[in-house]
Amino acid sequence: MDETITDAASAPTSELDQVQSLLKSALALDATTTSPDIQEALGVVYNVSRDYDAAVECFRTALQQRPSDYTLHNKLGATLANSNQSTDALHSYQRALELRPKYARAWLNMAISHSNLKQYDEAARCYLQTLSLNPTATHCWSYLRIALSCAERWDLLSHVAEQDLPALSQHYDFVMM
């Protein structure tokens with residue numbers, strides 16, 4: 001499952017190159033400071049260009065100046081996950097959730113990483129937390145069904161089909177909102 005920050009992979013390469021060049025120029029204007037906003041934007045460009053190492057470096061640089069920015073921790077986690085480093089991504093998502101416990105996107109990304117690591121019960125718990133926080137995220141029900149199937153929790157699939165969070169809360173520890 002892809003956790004890409006945004007679907008700009010279809011954008012013409014020349015446009016991404018232009019944005020990247022402009023952001024690098026902005027950084028070069030004042031070599032004495034490292035703007036976290038520019039680093040974050042550059043990290044997103046690198047991520048959608050699939051230059052994950054450069055994106056990780058940008059997000060980490062931005063986090064040095066904004067260590068309490070939960071969205072930056074989530075973007076770092078998504079980039080790590082996109083580069084097949086799901087275990088490392090979990091640490092970033094956990095930090096994002098320490099800063100903002102009700103951040104549904106980080107819960108979803110954490111669930112996807114747990115699924116990628118074949119930790120299906122934990123993935124299910126995180127999908128349920130996502131759904132509790134954001135009931136409109138109906139796509140999560142199919143992700144949850146897959147995780148429960150992989151965990152061989154056939155007994156719970158009827159609750160998923162009925163989209164019955166209260167019934168599922170009897171089997172998994174998540175906070176009902």
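Tutor: Let's start with a word we'll need a lot: two residues are in contact when they have heavy atoms within 4.5 Å of each other. In this protein, among contacts between residues at least 6 apart in sequence, 49% join residues at least 24 apart. Before you go on, know that this is a predicted model, where local features need pLDDT of at least 70 and side-chain atom pairs count only at pLDDT 80 or more, while totals for chains, interfaces and linings use all residues. Residues are numbered from 1 along each chain as its sequence is written, and side-chain values use heavy atoms, with hydrogens and water left out.

Student: Okay! How many helices and strands are there in the protein?

Tutor: Helices (H or I, at least four residues) and strands (E, at least two) are DSSP runs, numbered from the N terminus. Here you get 10 helices and 0 strands. Read from the N terminus on, the elements go α-α-α-α-α-α-α-α-α-α.

Student: And what share of the residues counts as buried?

Tutor: Buried means under 20% relative accessible area, exposed means over 50%, and partly exposed is in between (1.4 Å probe, protein chains only). Of the 177 residues in this protein, 46% are buried.

Student: Can we look at one helix? Which residues in helix 3 are buried?

Tutor: Tyr52, Ala54, Ala55, Val56, Cys58, Phe59, Ala62 and Leu63 are the buried ones in helix 3. Those buried residues pack against helix 2 and helix 4. You can check the length of a helix too: the expected span is 1.5 Å times one less than its number of residues. Helix 3 has 14 residues and reaches 20 Å from its first C-alpha to its last, close to the 20 Å expected.

Student: Now pairs of helices. At what angle do the axes of helix 5 and helix 6 cross?

Tutor: Axes are lines fitted to C-alpha atoms, for helices over the stretch in contact, and angles run from 0 to 180 degrees between N-to-C directions. For helix 5 (residues 86–99) and helix 6, the axes come within 9 Å and cross at roughly 160°. Angles under 35 degrees count as roughly parallel, over 145 as roughly antiparallel, 65 to 115 as roughly perpendicular and the rest as oblique. Helix 5 and helix 6 are therefore roughly antiparallel to each other.

Student: Are helix 4 and helix 6 roughly parallel or roughly antiparallel?

Tutor: Their axes come within 10 Å and cross at roughly 20°. Helix 4 and helix 6 are therefore roughly parallel. Asn74, Ala78 and Ala81 of helix 4 make the contact with Arg105, Ala106, Asn109 and Ser113 of helix 6. By class, that contact has 3 nonpolar, 3 polar and 1 charged residues.

Student: Where is His73 in all this?

Tutor: His73 sits in helix 4 (residues 70–82). His73 is buried, with a relative accessible area of 11%. Leaving aside neighbours within four places in sequence, His73 is in contact with Leu63, Pro67, Ser92, Arg95, Ala96 and Leu99.

Student: What about the loops? What is the phi of Arg50?

Tutor: Arg50 has a positive phi of about 70°, although it is not a glycine. You'll find Arg50 in the loop between helix 2 (36–48) and helix 3 (52–65), and Arg50 is exposed, with a relative accessible area of 53%. Now look at Lys118, in the loop between helix 6 (104–116) and helix 7 (120–133). Lys118 has a positive phi of about 65° and is not a glycine. Lys118 is exposed, with a relative accessible area of 60%.

Student: How far apart in space are Cys150 and Lys118?

Tutor: They are 8.2 Å apart, C-alpha to C-alpha, and 32 residues apart in sequence. Cys150 belongs to helix 8 (residues 139–150), and Cys150 is partly exposed, with a relative accessible area of 39%.

Methods
Nonpolar A, V, L, I, M, F, W, Y, C, P; charged D, E, K, R; others polar.
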